[in-house]
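Thanks for coming. I have one structure to go through today, so let me put it on the screen.

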Amino acid sequence: MVGVYVLLSTFLIIVLVPLINILASSFSSPAAVSGGRVFLLPVDFTLVGYEAVLGNEAIVTGFANSVFYAVAGTLISITLTVMIAYPLSRSELVGRKVLIGGVLFTMLFSGGLIPTYMVVRALGLLDTRWALILPAAIGAWQVLIAMTFFRSSIPGELYEAAQLDGASDLRFLWSVVLPLSKPLLAVIALMYGIGQWNSYFSALIYLRSEELYPLQLVLRNILIVNNSGGTNLADQLAAEQMADLMKFSLIVVSTVPVLLVYPFVARHFTKGVMLGSVKG
């Protein structure tokens with residue numbers, strides 16, 4: 001037992017120290033950050049990094065866009081996942097095994113980037129918000145978790161009782177299945193939400209209008225593409241120091257929403273995954 005606590009404490013320190021260092025660096029001066037003088041406590045405490053981040057209109061717009069993509073994308077993804085997974089969990093569905101095989105096939109093979117881009121372009125989704133939501137709306141892994149959860153956790157007797165009461169399949173799904181599936185919904189919502197929040201490659205491929213950029217793409221452009229200083233050495237040094245500081249401030253700003261949401265779904269996470277796992 002002592003060995004377990006020692007091992008867990010070691011892993012906690014390994015994970016926690018870099019996070020504390022990032023937080024401390026975000027509250028330190030640009031010179032202290034660039035000089036590598038920050039470890040676990042801020043050096044020359046200042047909010048200049050956050051002032052630069054929050055004062056950037058592109059970052060504020062990108063933050064709002066990412067919130068929209070995460071919330072709207074998660075709601076659409078959960079709806080479509082349940083619509084696919086619940087019918088597949090019913091043993092009386094005709095062609096059920098073939099459809100499950102089709103879902104499994106998509107986990108192993110995909111059309112690739114170019115065919116996907118051509119499909120998005122043919123549907124007229126390029127440079128629209130839907131280009132970031134619809135192509136990634138359904139995850140095969142989430143469908144399998146939900147399907148197994150419905151099959152193992154929703155008793156068939158409930159369905160028979162609902163039929164005797166005259167409830168339709170949609171009424172049974174809405175009034176019985178979904179209220180009993182809160183752990184599952186919390187798990188897949190967290191999966192889809194984090195995936196949408198951290199996604200930037202799809203925006204890089206499909207979007208051209210900067211007002212539609214998510215936060216992650218805005219951060220990439222600021223820290224990589226537009227990282228240039230002034231014409232003299234002093235200006236270049238100041239710009240490099242400020243860029244180093246902004247990296248840490250941006251990491252904190254982009255991480256806070258996920259940290260705020262996670263405690264509300266954490267208690268369902270383990271339960272939902274275990275109930276949705278395949279039982280031997």
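Aromatic pairs: searching the whole of this predicted model turns up 9 of them. Take Tyr 86 and Phe 172, whose ring centres are 6.5 Å apart with 45° between the planes, a tilted pair. Tyr 86 belongs to helix 4 and Phe 172 to helix 10, residues 169-177, so this pair ties together parts that are 86 residues apart in sequence. Tyr 86 is buried at 7% relative accessible area, and Phe 172 is buried at 1%.

Next, Phe 149 and Phe 150. Their planes stand at 75° with the centres 6.1 Å apart, so this pair counts as edge-to-face. Phe 149 is buried, at 1% relative accessible area, and Phe 150 is buried too, at 2%. Tyr 86, Phe 149, Phe 150 and Phe 172 make up one aromatic cluster.

Another ring, with a charge this time: Arg 129 sits over the face of Phe 68, 5.3 Å from the ring centre.

On to the largest pocket. Its volume is about 410 Å³. Which residues lie nearest its centre? Of the 17 lining residues, those are Ala 70, Thr 74, Ala 189, Gly 193 and Val 261. Helix 4 (57-89), helix 11 (182-198) and helix 14 (233-275) each contribute at least two residues to the lining. By class, the lining has 15 nonpolar residues, 2 polar ones and no charged ones.

Last, a residue in helix 14, Ser 249. Is Ser 249 buried or exposed? Ser 249 has a relative accessible area of 0%, so it is buried. Leaving out residues up to four places away in sequence, Ser 249 touches Ser 26, Gly 49, Tyr 50 and Val 53.

Terms used:
Residues are numbered from 1 along each chain as its sequence is written. This is a predicted model: local features need pLDDT of at least 70, side-chain atom pairs count only at pLDDT 80 or more; totals for chains, interfaces and linings use all residues. Side-chain values use heavy atoms; hydrogens and water are left out. On a 1 Å grid over the protein atoms alone, a cavity is a set of points where a 1.4 Å probe fits but cannot get out, and a pocket is an open set with protein on both sides within 12 Å along at least five of seven lines; lining residues have an atom within 4 Å of a point. Grid points are joined across faces, edges and corners, and a volume is the space filled by probe spheres set on the points. Helices (H or I, at least four residues) and strands (E, at least two) are DSSP runs, numbered from the N terminus. Ala, Val, Leu, Ile, Met, Phe, Trp, Tyr, Cys and Pro count as nonpolar, Asp, Glu, Lys and Arg as charged, and the others, Gly among them, as polar. Buried means under 20% relative accessible area, exposed over 50%, partly exposed in between (1.4 Å probe, protein chains only). Contact means heavy atoms within 4.5 Å. Rings of Phe, Tyr and Trp (its six-membered ring) pair if their centres lie within 6.5 Å; planes under 30 degrees apart count as stacked, over 60 as edge-to-face and the rest as tilted. A charge sits over a ring if NZ of Lys or CZ of Arg is within 6 Å of the ring centre and within 35 degrees of the ring normal.
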